[in-house]
Amino acid sequence: MDKFTQLTGVAAPMPLVNIDTDMIIPKQFLKTIQRSGLGKNLFDELRYDAQGNENPDFVLNQPAYRNAEIIIAGDNFGCGSSREHAPWALLDFGVRCVISTSFADIFFNNCFKNGILPIVMPQEVVDVLMEDATRGANARITVDLEREVVTTSDGKEFTFSIDPFRRHCLLNGLDDIGLTMEKAPAIQGFEAKMATARPWI
Amino acid sequence: MTAPHTPRTLYDKIWDDHVIQQDADGTCLLYIDRHLVHEVTSPQAFEGLRMTGRKVHAPDKTIAVPDHNVPTTTGRETHIENEEGRIQVAALDTNARASGVHYYPIDDIRQGIVHIVGPEQGWTLPGMTVVCGDSHTATHGAFGALAHGIGTSEVEHVLATQTLIQKKSKNMKVEITGSLPPGVTAKDITLTVIGLTGTAGGNGHVIEYCGQAIRELSMEGRMTVCNMAIEGGARAGLVAPDETTFAYCKGRPNAPKGEQWDAAVAYWKTLFSDEGAHYDKVVTIRAEDIAPVVTWGTSPEDVLPITGVVPEPASFAGGKVAAAQRSLDYMGLTAGTKLDEIAINTVFIGSCTNGRIEDLRAAAEVLRGRKVKDGIRAMVVPGSGLVRAQAEAEGIAQVFLDAGFEWRLAGCSMCLGMNDDQLSPGDRCAATSNRNFEGRQGRGGRTHLMSPAMAAAAAVTGRLTDVRELVREAV
């Protein structure tokens, strides 16, 4: 997993509430057995018409946002299916950070496993960032995970807070599984205890 | 962990019994008792194990079954037309066999939707932690098991270690007091709750469903309720186990037997929320206030009684105004239209929400002696090969066939349209599944969620219909 320390990039405004993971990456792209290559189908049914032509109204098709690395989104981003293809598609497109008033739990969790930083901010802050994002490529937002600060294009700073363990893993690009495997004796101890206490499991 | 002697909720108890280690900031290493695996969210996880030289830690606690991609037509054992789907099903087959996990391949009568197979085979039992790379893992909470969906990275984590790194969620109580009126089902309960709390209302929470109406539900009904906890934002739903639960589990192939059964039941009887236990949020609904409901929009929170009308977007608040307008545009509906005047052209009965035997019985009850209206495509997809066999033995399959339904093989099918069972643009479907998102059942397809009895009623009349009109005699 790539580290996430500091990111300065274009933020795309997506004010729609309840953007679900079916919308982020529709089912027909879940048939892959790889993690990579999903970026071209990110938001597929919003981004392209039925013939596969780009929909010029969709934000990521507009010249200013084609290289967006941050999304400012409406409430409850990532709801629905647990598909990790959603963060894979975002990452493959180049998005490393999503800012919203709230996220669905599974999507939120999946982001951290892929080096994407989901940031929860109060409505009034998201409103400011959304407004800033509408300035297009002229508005480059800086996200600093070390300091836990988002800075707008005109220098306004907003602090945020990330769970310390998750922040540590993102800052250092750490793989959870390796960390957990170091606890193998504790896991085996628990299993031995359970073999007596709840043998039917 | 909760301090000793503090009253604990059901969630607290199951959580406490699975914590291996807890860090100072509350991050826990949680033991996982059952890991269910399907073909869509597991190939990258198995590939990850291979690349790092890791092995499946507990194959005997891991259960694999293909469900999302599988065709529901005959001949699928030997050939799957869609190449990518075929590769995914084949990858699961290879991975499952190589790792020695319990496996129900496509030609096994026990194959079916993972959330139907787990309980049916007795893998899901009270007090367990159950995970699967699928958000509808919440279903298993019906047994008083802590069950939730995970992403593929976590699938790999569980395969490698049989644990998850977790922080405890908040706890929400949803109480349904009194008894359900006739014609109102578990699906109406769960949709009504989401309509009230919203799709983000349960974010960060585990829901415990309780109250008389929940106690009076069968296990099938409880699974329907818990299945959609995720649609309300809660990763997990829970129902405390009771005699109904024990009766369902007893005799299942992988349920404990003899002395172990007795020991298990004794433990399961301790799994209830103590008097005075703390909940972060409480919602109470009177069962008598619940009506047969349908969804009108593209979010599961867009729920109204079938006797209602399509709402005005302006009647909502905040970001929901634009979302509601977008929903109506997508759904091709006009505010003020009576819901029971909306014509449909497709009916889908099945899914992990409503693909169990009781669901098929409820639909067949409405269909007996009736026909699907001309021009309507109606299909029923049993949740597992065993549900299908049971429905055939009970004569229910014949009722569907006589009415004009297609009688399919088991799988996820048109709930998400990963196989060939999809809506075409503009199709309008009465569906017993769980998501009415844009494009969910097929690009441009329009989904109305409802109970199996309501879907059957819609098949007969060709429009969204109050099932109580068709079964008035019985009601």
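Predicted model: local features only at pLDDT ≥ 70, side-chain atom pairs only at ≥ 80, totals over all residues.
I'll start with the interface. Chain A puts 56 residues into the contact, and chain B puts in 74. Together the two chains bury about 5300 Å², and carbon and sulfur atoms account for 56% of that area. On the chain B side, three residues supply more than any other three: Gln44(B), Arg54(B) and Arg443(B), with 13% of the area that chain B buries against chain A.

Next, the polar side of that interface. There are 34 residue pairs in polar contact across it, counting pairs with both residues at pLDDT 80 or more. Several elements of chain B supply at least two residues each to the side that touches chain A, including strand 1 (19-22), strand 2 (28-31), helix 3 (83-99) and helix 11 (320-331). Which element of chain B gives the most to that side? That is helix 5, with seven residues. By class, the side of chain B that touches chain A holds 30 polar, 23 nonpolar and 21 charged residues.

On to salt bridges. The whole structure has 38 of them over all chains, and seven are between chain B and chain A. One of the pairs is Arg198(A) with Asp17(B), where the closest N and O atoms are 3.8 Å apart. Another is Glu156(B) with Arg35(A), at 3.3 Å between the closest N and O atoms. Glu156(B) sits in helix 5 of chain B, while Arg35(A) is in the loop between helix 1 (21-24) and helix 2 (44-47) of chain A, so this pair joins two chains. Glu156(B) is buried, at 8% relative accessible area, whereas Arg35(A) is partly exposed at 30%.

Now two pairs that each stay in one chain. In chain A, Asp154(A) and Arg135(A) form a salt bridge with the closest N and O atoms 3.6 Å apart. Asp154(A) is in the loop between strand 6 (149-151) and strand 7 (157-159), and Arg135(A) is in the loop between helix 5 (123-133) and strand 5 (140-144), so the bridge ties together parts 19 residues apart in sequence. Asp154(A) is partly exposed at 44%, and Arg135(A) is partly exposed at 43%.

In chain B, Asp93(B) and Arg97(B) meet at 3.0 Å, N to O. They are four residues apart in helix 3 of chain B, so about one helical turn separates them. Asp93(B) is partly exposed at 24%, but Arg97(B) is exposed at 53%. There is also a network: salt bridges with shared partners join Lys113(A), Asp176(A), Glu154(B) and Arg235(B).

One lysine deserves a slide. Lys13(B) is in helix 1 (residues 10-16) of chain B. Is Lys13(B) buried or exposed? Its relative accessibility is 7%, so Lys13(B) counts as buried. Its side chain reaches the backbone oxygen of Thr270(B) at 3.0 Å. Beyond its neighbours within four places in sequence, the contacts of Lys13(B) include Arg8(B), Leu271(B), Phe272(B) and Asp274(B).

Last, the cysteines. How many disulfides are there over all chains? The count is zero. For Cys79(A), the nearest cysteine sulfur belongs to Cys111(A), 13 Å away; the cut-off for a disulfide is 2.5 Å, so Cys79(A) is in none. Cys79(A) is buried, with a relative accessible area of 8%. Cys169(A) is in no disulfide either, with the sulfur of Cys111(A) nearest at 15 Å. Cys169(A) is buried at 5% relative accessibility.

Key. Residues numbered from 1 in each chain as written. Chains lettered and ligands numbered in written order. Heavy atoms only, no water. Buried < 20%, exposed > 50% of the residue type's maximum accessible area, 1.4 Å probe, protein only. Contact = heavy atoms within 4.5 Å. Buried area = accessible area lost by both parts, 1.4 Å probe. Salt bridge = Lys/Arg side-chain N within 4 Å of Asp/Glu carboxyl O. Polar contact = N/O pair within 3.5 Å; in protein donor to acceptor, adjacent residues only side chain to side chain. Nonpolar A, V, L, I, M, F, W, Y, C, P; charged D, E, K, R; others polar.
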